[in-house]
Amino acid sequence: MAEIRLEDITHIYPGNVVAAREVNWTIEDGVAAALLGPSGCGKTTLMKIIAGILHPTKGRIFIEGEDITDFPIERRRLGMVFQFPTVYSMSVYENLAFPLKNMGLQTSEIRKRIKEVSELLGLEEVLNLPALSLDPGTRQKVALARAVIRGRLNALILDEPLTNVPPEERMKVRLAIKTVRKVYKTTMIFVTHDQSEAFSMSEKVAIMNEGKILQYGTLDEVYENPKNTFIAYFVGHPGMNILSCDLKNNELDFGDFSIIIPETMSQAIRERCKHSTSRIYFGIRPEYVLVDTVRKPGWINFRCIGVEFGENKLILLLKKENTELQASVPRFDIREGDQVWLYFPEDKIKIFDSNGNLVL
Ligand code: ATP
């Protein structure tokens with residue numbers, strides 16, 4: 001296992017397609033990191049650069065402090081698992097033996113390693129079957145076994161490994177990945193566009209968009225303190241409510257309504273949004289919006305215009321004049337058309353400047 005560091009990585013494909021823009025990212029030794037971002041944001045490009053499949057247009061890659069930018073794939077000692085399981089039309093045993101034979105290992109050592117990894121991942125029963133006859137989940141487990149069987153890995157790179165596995169088989173592949181991580185204690189990068197997968201498979205998450213890594217942190221950091229409005233909205237089901245507003249004295253003015261905030265908060269906003277306190281952004285996660293069906297002093301009247309059932313909660317679409325927001329509430333007695341009253345707890349309010357960057 002090892003630390004992987006990307007320094008100023010830019011990649012431009014022919015036709016001036018900029019797939020990675022000045023990426024600086026350090027994946028700490030032994031950490032399981034997810035790379036999460038929408039389709040086309042540059043995730044695979046970045047993985048290919050780390051793996052040595054692509055040479056970056058600009059920037060350097062370091063493994064354990066060593067500059068490996070010009071190293072061929074084999075010298076990087078990375079295990080790779082892709083979206084489409086790379087298994088060959090031979091038995092599972094032969095698939096696993098193949099990379100070991102290439103290393104020049106003795107038959108007895110090959111047998112020993114295959115026994116170990118197949119026991120670890122529950123592949124003993126299928127060793128003699130043709131790999132291509134297996135279900136997609138088991139095939140992906142074989143690909144995972146192949147990725148780690150050579151040993152002495154610096155890191156394991158998994159690029160959308162569950163995308164082509166049917167939902168009912170995903171659990172066993174997830175478990176296999178977690179087992180491998182626990183036993184080999186390897187640094188891991190798990191690429192996905194699915195946030196629940198990202199957060200359940202990793203300790204830290206990097207959020208990528210348009211070729212840039214926007215934030216790298218724990219789930220708590222990224223969820224509670226998203227660095228900008230893109231992350232705030234992208235992370236979460238549903239994402240954070242983001243409303244444009246103006247700061248006027250100790251009030252946030254939304255046009256259709258306003259809320260009074262403490263003096264300390266308005267001062268902090270003024271200090272941190274130096275160029276403008278108008279057209280700033282107010283953010284609150286749907287589960288932090290307090291909702292009641294009875295009028296309360298200081299609470300704001302909205303109408304419920306849509307209701308969706310979630311697990312143990314309702315997700316409400318709420319409207320007041322031109323302002324819409326969502327609230328997720330652990331109750332089931334609110335219907336479309338109902339009047340409700342809302343409150344935004346101060347400690348849950350986020351403020352972003354007019355460029356969308358988190359200031360408070
Ligand atoms: P997905 O989740 O859909 O796989 P991604 O986040 O992995 O997407 P990339 O595949 O790295 O994104 O692509 C980033 C950008 O580079 C996209 O605009 C894509 O169209 C473009 N791109 C990828 N490969 C090439 C190529 N060989 N030539 C030109 N453009 C490319």
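**View 1. Helix H2 packs against helix H3 (residues 107-121) at about 130 degrees, with the axes 10 Å apart.** This is a predicted model, where local features need pLDDT of at least 70, side-chain atom pairs count only at pLDDT 80 or more, and totals for chains, interfaces and linings use all residues. Residues are numbered from 1 along each chain as its sequence is written, and side-chain values use heavy atoms, leaving out hydrogens and water. Helices are DSSP runs (H or I, at least four residues), numbered from the N terminus. Axes are lines fitted to C-alpha atoms over the stretch in contact, and angles run from 0 to 180 degrees between N-to-C directions. Here Tyr93, Leu96, Ala97, Leu100 and Lys101 of H2 meet Ile110, Arg111, Arg113, Ile114 and Val117 of H3, contact meaning heavy atoms within 4.5 Å. These contact residues comprise 7 nonpolar, no polar and 3 charged.

**View 2. H2 (residues 92-102) also meets helix H4 (residues 136-148), their axes coming within 8 Å and crossing at roughly 25 degrees.** That makes the two helices roughly parallel, a term for angles under 35 degrees. On the H2 side, the contact uses Val92, Asn95, Leu96, Phe98 and Pro99, and H4 brings Val142, Ala145 and Arg146.

**View 3. Where do the cysteines Cys41 and Cys245 sit, buried or exposed?** Both are buried: Cys41 has a relative accessible area of 3%, and Cys245 has 2% relative accessibility. Buried means under 20% relative accessible area, exposed over 50% and partly exposed in between (1.4 Å probe, protein chains only). From the sulfur of Cys245, the closest cysteine sulfur, in Cys273, is 9.3 Å away, too far for a bond. With a disulfide defined as a pair of cysteine sulfur atoms within 2.5 Å, the count comes to 0 disulfides.

Methods: Angles under 35 degrees count as roughly parallel, over 145 as roughly antiparallel, 65 to 115 as roughly perpendicular and the rest as oblique. Ala, Val, Leu, Ile, Met, Phe, Trp, Tyr, Cys and Pro count as nonpolar, Asp, Glu, Lys and Arg as charged, and the others, Gly among them, as polar.
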